[in-house]
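Please look over the following structure before reading on. The briefing below takes up its sheet, its cores, its ring pairs and its salt bridges in turn.

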Amino acid sequence: MTQHNDLTRKFKTLDDFLGTHFIYTYDNGWEYEWYDKNDHTVDYRIHGGMVAGRWVKDQPAHINMLTEEIYKVAWTEPTGTDVALDFVPNELKLNGTIFFPNWVEEHPEITVCFQNEHIDLMEEAREKYATYPKLVVPEFATITYMAKAVQDNDEVIAKVPYAGMTDDIREGKFYDENYLQL
């Protein structure tokens, strides 16, 4: 068992943020796992909420440091969903706003998959179903896991989410000392 969770770690620069693996829970109860793979790409798994079970690798994103210790990440998914996250990791806080197209709200089950293998399905649904009105979900979150996984580690988000996965990660039962899956 290798414990990587370091909730006391301090961030100052963009380099401190890059390569970090987070688990956070929104105030509405939705739990997400998110990895800043590098300065332009993120991977994530969704463990709670209306699209729990969805996971994505190599999502292009805009990743910036707004000011020392505060980071902004934003992207648009093939579903048409827009995401904007503001991380304040030194305070274990995050503010996220997700802009779900109407079709995702009405048919979330279509998106609950490994997106990378179903891009055509996401684009087809985006064209077939209504986009507006969008469901806007602005929420604060508490960061419950934070670990330096180094950049471009394809092992961080490489497995379908399962019940109890985030507990296994927090308890040090998921990754070895080199941040490779056990």
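Which residues point one way from β3, and which the other way? T41, D43 and R45 point one way from β3, while V42, Y44 and I46 point the other way, and all are buried, where buried means under 20% relative accessible area, exposed over 50% and partly exposed in between, taken with a 1.4 Å probe on protein chains only. In a regular strand the side chains alternate between the two faces of the sheet.

This is a predicted model, in which local features need pLDDT of at least 70 and side-chain atom pairs count only at pLDDT 80 or more, whereas totals for chains, interfaces and linings use all residues. Residues are numbered from 1 along each chain as its sequence is written, and side-chain values use heavy atoms, with hydrogens and water left out.

**The sheet**

- Nine strands form an open sheet in the order β4-β3-β2-β1-β9-β8-β7-β6-β5, with antiparallel pairing; strands (E, at least two residues) and helices (H or I, at least four) are DSSP runs numbered from the N terminus, and two strands pair if DSSP finds at least two bridges between them.
- The edge strands are β4 (55–60) and β5 (62–67), each of which pairs on one side only.
- On average, neighbouring strands of this sheet are turned by 25 degrees against each other, direction ignored, with axes being lines fitted to C-alpha atoms (for helices over the stretch in contact) and angles running from 0 to 180 degrees between N-to-C directions.
- Strand β1 (residues 20–26) pairs with β9 in the antiparallel sense over seven bridges, and the bridge partner of F22 in β9 is M146.
- Strand β8 (residues 93–100) is joined to β9 by eight bridges, and the two run antiparallel; here I98 has V137 in β9 as its bridge partner.

**Strand β3 and its neighbours**

- Six of the six residues of strand β3 (residues 41–46) are buried, so β3 is largely enclosed by the rest of the structure.
- A hairpin joins β2 to β3 through two residues, and six bridges join these antiparallel strands, with D43 in β3 as the bridge partner of Y35.
- On the pairing with β4, β3 runs antiparallel over four bridges, and V42 stands opposite Q59 in β4.

**Nonpolar cores**

- The largest nonpolar core has 35 residues, of which Y24, W34 and F87 touch the most other members; such a core is a set of buried Ala, Val, Leu, Ile, Met, Phe, Trp, Tyr and Cys residues joined through side-chain atoms within 4.5 Å.
- The largest share of this core, four residues, comes from strand β9 (residues 135–148).
- A second, separate core of 14 residues includes Y35, Y145, A147 and V156.
- Leaving aside residues up to four places away in sequence, the contacts of Y24 (heavy atoms within 4.5 Å) include W30, W34, L85, F87, L94 and I143.

**Aromatic pairs**

- The count comes to 21 aromatic pairs, by a rule under which rings of Phe, Tyr and Trp (its six-membered ring) pair if their centres lie within 6.5 Å, with planes under 30 degrees apart counted as stacked, over 60 as edge-to-face and the rest as tilted.
- The rings of F17 and W34 have their centres 5.9 Å apart and their planes at 40 degrees, so the pair is tilted.
- F17 lies in helix α1 (residues 14–17) and W34 in strand β2 (residues 31–38), so the pair ties together parts that are 17 residues apart in sequence, and both F17 and W34 are buried.
- Ring pairs link F11, F17, F22, Y24, Y26, Y32, W34, Y71 and F87 into a cluster.

**Salt bridges**

- The structure holds 15 salt bridges, each being a side-chain nitrogen of Lys or Arg within 4 Å of a carboxyl oxygen of Asp or Glu.
- D43 forms one with K37, the closest N and O atoms being 3.4 Å apart, and both D43 and K37 are buried.
- D154 forms a salt bridge with K57, the closest N and O atoms being 3.8 Å apart, and this pair links distant parts of the chain, 97 residues apart.
- D154 counts as partly exposed at 44% relative accessibility, whereas K57 is buried, with a relative accessible area of 13%.
- Salt bridges that share partners join K37, D43, K57, D58 and D154 into one network.
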